[in-house]
Amino acid sequence: YSAMKEKHLSIYGCIITILFQLTFFYRNIGIIDLFTCTAFSSAIWLSTSAMVLYARKRVPGINRRSKRLRIIVALLIPLTMLCTLFNGALEQLLSMSTISWPAFVQIEGMTIIISLVIVGIYEGLYYIKQWQQLHEQSEQMRKINFESQYKFLEDQIKPHFLFNSLNTLSSLIHADPDKAELFVEEMSSVYR
């Protein structure tokens, strides 16, 4: 898909991630919470999508999906840890409170789940795009094959071939009418 669609996906993805987190993980939403949630959600979406696009450039194509997914999984945990640390630092900086270890683990788990959903969205869209391209190539190959078969048949029915066939038929009519009849049947099947 194009860069414009990629930009729209990033914008809508960030907005949906922000709304998801505000709905399920924040009780009282103040300005600081809204800012922190927006920064954290955007960091998750943008960094995960950048990681997926990096892996896609290194290992493109449908048939190399498992290798690409191994790269993504290897990068996913460190990336989500950085996002969670970013969220913790932002929370500490803005609200002057530290995040407890259980809260950090919970936030990390949520970050991993959100990142996996993002990976699924990007890989799913990529798979659909690759499948469409393969389908279009298949259709083009089928069209080329059909055209070459038609050209082959067209070349067989050149005027010279017709002239020679009619001359042969003419000589057979006088010499052997049964063979002439068989020849007409064979000739009609060739033209058919």
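**Ground rules.** I number residues from 1 along each chain as its sequence is written, and side-chain values use heavy atoms, with hydrogens and water left out. As the model is predicted, local features need pLDDT of at least 70 and side-chain atom pairs count only at pLDDT 80 or more, while totals for chains, interfaces and linings use all residues.

**Entry 1: aromatic pairs.** I looked up rings of Phe, Tyr and Trp (its six-membered ring), which pair if their centres lie within 6.5 Å; planes under 30 degrees apart count as stacked, over 60 as edge-to-face and the rest as tilted. I found 4 aromatic pairs by this rule.

The ring centres of Trp45 and Tyr122 lie 6.0 Å apart with planes at 55°, so I noted the pair as tilted. This pair links distant parts of the chain, 77 residues apart: Trp45 is in helix H2 (residues 31–58) and Tyr122 in helix H4 (residues 101–156). Helices here are DSSP runs (H or I, at least four residues), numbered from the N terminus. I checked burial next, where buried means under 20% relative accessible area, exposed over 50% and partly exposed in between (1.4 Å probe, protein chains only). Trp45 and Tyr122 are both buried.

I then took Trp101 and Phe104, whose ring centres are 5.6 Å apart with planes at 20°, so the pair is stacked. Both residues lie in helix H4, 3 residues apart, about one turn of the helix. Trp101 counts as exposed at 62% relative accessibility, whereas Phe104 counts as buried at 14%.

I also noted a cluster in which ring pairs link Phe20, Phe24 and Phe25.

**Entry 2: pockets.** A pocket is an open set of points on a 1 Å grid over the protein atoms alone, where a 1.4 Å probe fits, with protein on both sides within 12 Å along at least five of seven lines; lining residues have an atom within 4 Å of a point. A volume is the space filled by probe spheres set on the points.

The largest pocket holds about 340 Å³ of space. It has 13 lining residues, and those closest to its centre are Phe25, Tyr26, Asn87, Glu91 and Ile107. H4 gives the most to this lining, with 4 residues.

The second largest pocket has a volume of about 220 Å³. Its lining has 14 residues, with Ile16, Thr17, Phe20, Ile114 and Val117 closest to the centre. Here I found that H1 gives the most, with 7 residues.

Note on methods. Helix = DSSP H or I, 4+ residues; strand = E, 2+ residues; numbered from the N terminus.
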